[in-house]
Amino acid sequence: MAIILEHVATLVASSTALALAWWSGREGRSGSALFWILVCGFVLRLDLGLHWQLWPWDERYHALVAKNFLADPWTPRLYPETVLPERHGDWTTAGIWLHKPPLASWLLALALGVFGENAVALRVPSFALSLAGVWITYRIGRYAIGPEAGLVAAGFQATNGVLLDLAAGRRPVDHVDTLLFVLVGAAVLALARGGPWPRRLLVLAPLTALALLAKTFPGYLIPVLAAVALRAEGDSPARVIARAATLTALATALAAPWFLYAAWRWPNELAASFGYMLRHFPAALEAHAGGPGFHLALIGRFFGEGAWLAIALLLWTAARERDAR
């Protein structure tokens, strides 16, 4: 009965906050509307994350690594002592845990050290980052289109079920992906704001380096997005390639010290980890399956069935603009 009342209270509070956001937006008060959207997002995240158990995949593994970082922040261990035999290349039994870079685990360890060693404390960084992502999305929409678009996008992000589950540790890759999404969003915001390329490079390079320290290869999505943005702004293909390559090289250099350190201390474990990551490109691993259209088929599930309408409208608008030229 208590759980039902908790969920009812969450539904009432979040719906009220969204209604106030809509009303504020109608009155032209964008700041107030954004505040209520953030309140709604906070209430929903609190309801999902305010549970004292750790979820099976992957939160328990991330929690163990974070807890062991408290004793030694430079050694990512799944187990402080070897209890079961390790299976080579199997991240679920690894003693030295290099399956993911350390940035997210460092943040989780910091939260455990500050707020106590419990599941709710573990999720504090993801709560804060996930809400920061809502604000970033609003700013992107505001720069790219206008405040109304920013508010609508922020509202969708604040209530997106997948992002809520990630911040609460309920979905695989949980806190790691929450951090990655925010870093990529911050990079898109830097691109949307415009300005001279050297100034944007000074922002994008550290963000890309942090993304590499969050999830390795997916961090290179930022240079790809930068290339798309630069080409849309009218840069020549040669200049786009040169600038994207510069960003990639600078970010890699900034992130390199950790990987060089890991290669020096645990060369076999790092080689196995990188080998496992590279195997994701040609094959489906860990009982996952799906063809080239796997992620396309999940758009409705991840973003709501209305996403298909948005895609159709986007394609229709792009076709009309092309015909009008």
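**Aromatic contacts and a nonpolar patch**

F274 is partly exposed, at 23% relative accessibility (buried is under 20% relative accessible area, exposed over 50%, partly exposed in between; 1.4 Å probe, protein chains only). The model is predicted: local features need pLDDT of at least 70, side-chain atom pairs count only at pLDDT 80 or more, and totals for chains, interfaces and linings use all residues. Residues are numbered from 1 along each chain as its sequence is written, and side-chain values use heavy atoms, without hydrogens and water.

The structure contains 10 aromatic pairs (ring centres of Phe, Tyr and Trp, its six-membered ring, within 6.5 Å; planes under 30 degrees apart are stacked, over 60 edge-to-face, the rest tilted). F35 and W36 pair edge-to-face, with centres 5.1 Å apart and planes at 75°. F35 is partly exposed at 47% relative accessibility. W36 is also partly exposed, at 26%.

F217 and F274 form an edge-to-face pair, at 5.9 Å between centres and 75° between planes. This pair links distant parts of the chain, 57 residues apart. F217 sits in the loop between α10 (197–215) and α11 (221–232), F274 in helix α13 (residues 267–279) (helices are DSSP runs of H or I, at least four residues, numbered from the N terminus). F217 is partly exposed, at 28%.

One aromatic cluster comprises F69, W74, W106, W258, Y261, W264 and W266.

Helix α16 (residues 306–324) gives the largest share, 3 residues. I311 lies in helix α16. Its relative accessible area is 31%, so I311 counts as partly exposed.

Terms used:
Helices (H or I, at least four residues) and strands (E, at least two) are DSSP runs, numbered from the N terminus.
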